[in-house]
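Here are my notes for your review. Please read them with the model open.

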Amino acid sequence: MFRGMTLNQILAKLSSGSAYRPVIIAVCITLFAAALINVSLLTRDQAISDLYTKAQTDMASYQFNVEQRLMRYKTLPQLFSGQQLLLDAVNPGADDSLRQAANTYLQESADLLRALDIYVMDAQGVTQTASNWFKADSFIGKNFSFRPYA
């Protein structure tokens, strides 16, 4: 039907109110819908990729932040392990005034270091002195032997 015709002739014939007009409209709508679906899928894939990249970047930043905060306290056990006051306070025969002095020392240390809590456990994992000694939920007397560092 269109053999030997130029593109302009074909377009003129199709646009002249022929019987092909509904077919042309259907094809155009189908092509438009296919293009729209394709663009939306590509946009969706790009958005997911961007979110994944942002999540990875944020996670690396959070991980670094947590590691930095933990590193800040890494040497505290070594620092406190040499304090004679704390060593004497965890001995079973330590009197209350010695333990109170150790509690005060830990409280002042926690304030200075901006640590939430600092506590000293005995060999069985029972907390003997703590910076939170004055609170209702103090760690003193609590058994933390279930923790891996105890």
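1. Terms first. Buried means under 20% relative accessible area, exposed over 50%, and partly exposed in between, with a 1.4 Å probe and protein chains only. Phe-134 has a relative accessibility of 46%, so Phe-134 counts as partly exposed.

2. Provenance. This is a predicted model: local features need pLDDT of at least 70, side-chain atom pairs count only at pLDDT 80 or more, and totals for chains, interfaces and linings use all residues. Residues are numbered from 1 along each chain as its sequence is written, and side-chain values use heavy atoms, with hydrogens and water left out.

3. Aromatic pairs. Rings of Phe, Tyr and Trp (its six-membered ring) pair if their centres lie within 6.5 Å; planes under 30 degrees apart are stacked, over 60 edge-to-face, and the rest tilted. The count by this rule is six. Trp-133 and Phe-134 are edge-to-face because their planes stand at 80°, with ring centres 5.6 Å apart. Trp-133 is partly exposed, at 29% relative accessibility.

4. A tilted pair. Phe-144 and Phe-146 sit 6.2 Å apart, centre to centre, with 50° between the planes. Is Phe-144 buried or exposed? Phe-144 has a relative accessible area of 8%, so it is buried. Phe-146 is exposed, at 62%.

5. Asn-103. This residue belongs to helix α5, residues 96-113. Helices (H or I, at least four residues) and strands (E, at least two) are DSSP runs, numbered from the N terminus. Asn-103 is buried because its relative accessibility is 5%. Which residues does Asn-103 contact, leaving aside its neighbours within four places in sequence? They are Thr-129, Ala-130, Ser-131, Trp-133 and Ile-140. Contact means heavy atoms within 4.5 Å.

6. Largest pocket. Its volume is about 750 Å³. A pocket is an open set of points on a 1 Å grid over the protein atoms alone, where a 1.4 Å probe fits, with protein on both sides within 12 Å along at least five of seven lines. The points are joined across faces, edges and corners, and the volume is the space filled by probe spheres set on them.

7. Pocket lining. Lining residues have an atom within 4 Å of a point. There are 20 of them, and Leu-76, Pro-77, Asp-117, Ile-118 and Tyr-119 lie nearest the centre. Two or more residues come from each of α2 (21-72), α3 (76-81), α4 (84-89) and β1 (119-121). The largest share, four residues, is from α3. The lining holds 16 nonpolar residues, one polar and three charged. Nonpolar covers Ala, Val, Leu, Ile, Met, Phe, Trp, Tyr, Cys and Pro; charged covers Asp, Glu, Lys and Arg; the others, Gly among them, are polar.

8. Salt bridges. How many salt bridges does the structure hold? It holds two. The criterion is a side-chain nitrogen of Lys or Arg within 4 Å of a carboxyl oxygen of Asp or Glu. Asp-45 pairs with Arg-44, with the closest N and O atoms 3.3 Å apart. Asp-58 bridges to Lys-54 at 2.8 Å, N to O. These two are four residues apart in helix α2, so about one helical turn separates them. Asp-58 is partly exposed at 25%, as is Lys-54 at 48%.

9. Backbone check. Most residues other than glycine have a negative phi. Arg-114 has a positive phi, near 55°. Arg-114 lies in the loop between α5 and β1. Arg-114 is exposed, at 68% relative accessibility.
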